[in-house]
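Me: I'm new to this one and would like to learn how to read its features. Could you walk me through them step by step?

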Amino acid sequence: MSVLLFASENQELEDKIAQETATHLGYKTLNHTFLDEIARQYDLDSSKLREAMVSPPSILRRIPSKLWHYYLSCVETAVLDRLLEDDLVCWGLGAHLYVLVVSHVLKVRLVGGDGSASVTDTKKERRREKWSVAAWQRREADPRLYDLVINLDQIKPDEAVTTVAATVGYPRFKPMTYSRNNLTDRALAAKVKNVLLKTLTDIHVHAQNGTVVVTTTSLKREKAKKIAAIKEIAGMVEGMGYLEVHWNVDPVNEAALGNR
């Protein structure tokens, strides 16, 4: 069966429609309450984790940028692992921003539903966009991220549920071997990135058919040490097939070091 991802600026309506859709389809649910379980699983501060899911890093906030990215990586890793189960409706965990090009995942954005836009709503949208770009380099409001966008100013919640339930039944959203493998690769890449981010920075991970490629950046003098650390840490991740490490020089810091 398929996976449904919801996103909206109106959390109350999102909760209502996502939950009712899950009930209608007989699917399990995964939402923002899962953050407490993630905090326990990774030994994180629960309040900081929730803050990381709504606010970008800032020198004025309690979470440094490195830690902020690690917190988000924990969410991504835990959520992707659960999405492998299928028959799931997920919302409130940012999954629509990091689950891409997986054909059996239907992504739905709900807009409107609060009567009229206000200055407060506009500020909220700008803050959310700043967060989504900082977190996963994507504008959350970009309609191209979604398979279905529903305007709740024109469509009632119960009609939205019916529309989503009918759409997820389309053959193109049924799990196929390719789409399952794609999601499995994304889950593996997230696991590898997560263990590396505990101690390293400038890490990008891609996986395909069990082969994992880690791309990193550092000073020339740190190259051998960093590559060795990546191989040692990533090599312990379950499900790992073949590991490649691609290294790039850090031009800015390398130049600064040369000018000293």
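Me: Let's start with the open spaces. Which element gives the most to the lining of the largest pocket?

Reply: Keep in mind that this is a predicted model. The general idea goes like this: rolling a probe the size of a water molecule over the atoms shows where empty space is left. Here, α8 gives the most to the lining of the largest pocket, namely nine residues.

Me: What is the volume of the largest pocket, and which residues are the closest to its centre?

Reply: The volume of the largest pocket is about 930 Å³. Its lining is made up of 33 residues, and Glu 76, Ala 189, Lys 193, His 204 and Val 205 are the closest to the centre. If you look for the elements that give two or more residues to this lining, you'll find α4 (65–83), α6, α8 (177–197) and β6 (203–208).

Me: How do the residues of that lining divide into nonpolar, polar and charged?

Reply: The largest pocket has 15 nonpolar, eleven polar and seven charged residues in its lining.

Me: Now the second largest pocket. What is its volume, and how many residues line it?

Reply: The second largest pocket has a volume of about 500 Å³, and 21 residues line it. To find its centre, look for Ser 8, Gln 11, Met 53, Val 54 and Arg 128, the lining residues that lie nearest to it. At least two lining residues come from each of β1 (3–8), α1 (11–25) and α6. By class, this lining holds eight charged, seven nonpolar and six polar residues.

Me: On to the rings. How many aromatic pairs does a search of the whole structure find?

Reply: First the idea: a pair of aromatic rings is described by the distance of the centres and the angle of the planes. Searching the whole structure turns up two aromatic pairs. One of them joins Tyr 98 and Trp 136, with 4.8 Å from centre to centre and 45° between the planes, and this pair is tilted.

Me: Why does the pair of Tyr 98 and Trp 136 tie together parts that are apart in sequence?

Reply: Because Tyr 98 lies in helix α5 (residues 95–98) while Trp 136 lies in helix α6 (residues 119–136), the pair connects parts that are 38 residues apart in sequence. Tyr 98 is buried at 4% relative accessibility, and Trp 136 is buried too, at 7%.

Me: Why is the pair of Trp 131 and Trp 136 edge-to-face?

Reply: The planes of Trp 131 and Trp 136 sit at 75°, with the ring centres 5.7 Å apart, so this pair counts as edge-to-face; the cut-off for that class is over 60 degrees. Trp 131 is buried, and its relative accessible area is 0%.

Me: Which residue lies over the face of Phe 34?

Reply: That's Arg 82, at 5.1 Å from the centre of the Phe 34 ring.

Me: Last topic, salt bridges. How many are there by the count?

Reply: The thought behind them is that side chains of opposite charge can pair when their charged atoms come close. In this structure the count comes to ten salt bridges. Among them is the one between Glu 9 and Arg 109, whose closest N and O atoms are 3.4 Å apart.

Me: Is Arg 109 buried or exposed?

Reply: Arg 109 is buried, at 5% relative accessible area, whereas Glu 9 is partly exposed, at 24%.

Me: Where do Lys 191 and Asp 81 lie?

Reply: These two form a salt bridge, with 3.9 Å between the closest N and O atoms. Lys 191 is in helix α8 and Asp 81 in helix α4, so the pair ties together parts that are 110 residues apart in sequence. Lys 191 is partly exposed at 31% relative accessibility, and Asp 81 is partly exposed at 37%.

Me: Which residue forms a salt bridge with Glu 129?

Reply: Arg 139 does, and their closest N and O atoms are 3.4 Å apart. Glu 129 belongs to helix α6 and Arg 139 to the loop between α6 and β5 (148–151), so the parts being tied together are ten residues apart in sequence.

Definitions and conventions:
Residues are numbered from 1 along each chain as its sequence is written. This is a predicted model: local features need pLDDT of at least 70, side-chain atom pairs count only at pLDDT 80 or more; totals for chains, interfaces and linings use all residues. Side-chain values use heavy atoms; hydrogens and water are left out. Rings of Phe, Tyr and Trp (its six-membered ring) pair if their centres lie within 6.5 Å; planes under 30 degrees apart count as stacked, over 60 as edge-to-face and the rest as tilted. Helices (H or I, at least four residues) and strands (E, at least two) are DSSP runs, numbered from the N terminus. Buried means under 20% relative accessible area, exposed over 50%, partly exposed in between (1.4 Å probe, protein chains only). A charge sits over a ring if NZ of Lys or CZ of Arg is within 6 Å of the ring centre and within 35 degrees of the ring normal. On a 1 Å grid over the protein atoms alone, a cavity is a set of points where a 1.4 Å probe fits but cannot get out, and a pocket is an open set with protein on both sides within 12 Å along at least five of seven lines; lining residues have an atom within 4 Å of a point. Grid points are joined across faces, edges and corners, and a volume is the space filled by probe spheres set on the points. Ala, Val, Leu, Ile, Met, Phe, Trp, Tyr, Cys and Pro count as nonpolar, Asp, Glu, Lys and Arg as charged, and the others, Gly among them, as polar. A salt bridge is a side-chain nitrogen of Lys or Arg within 4 Å of a carboxyl oxygen of Asp or Glu.
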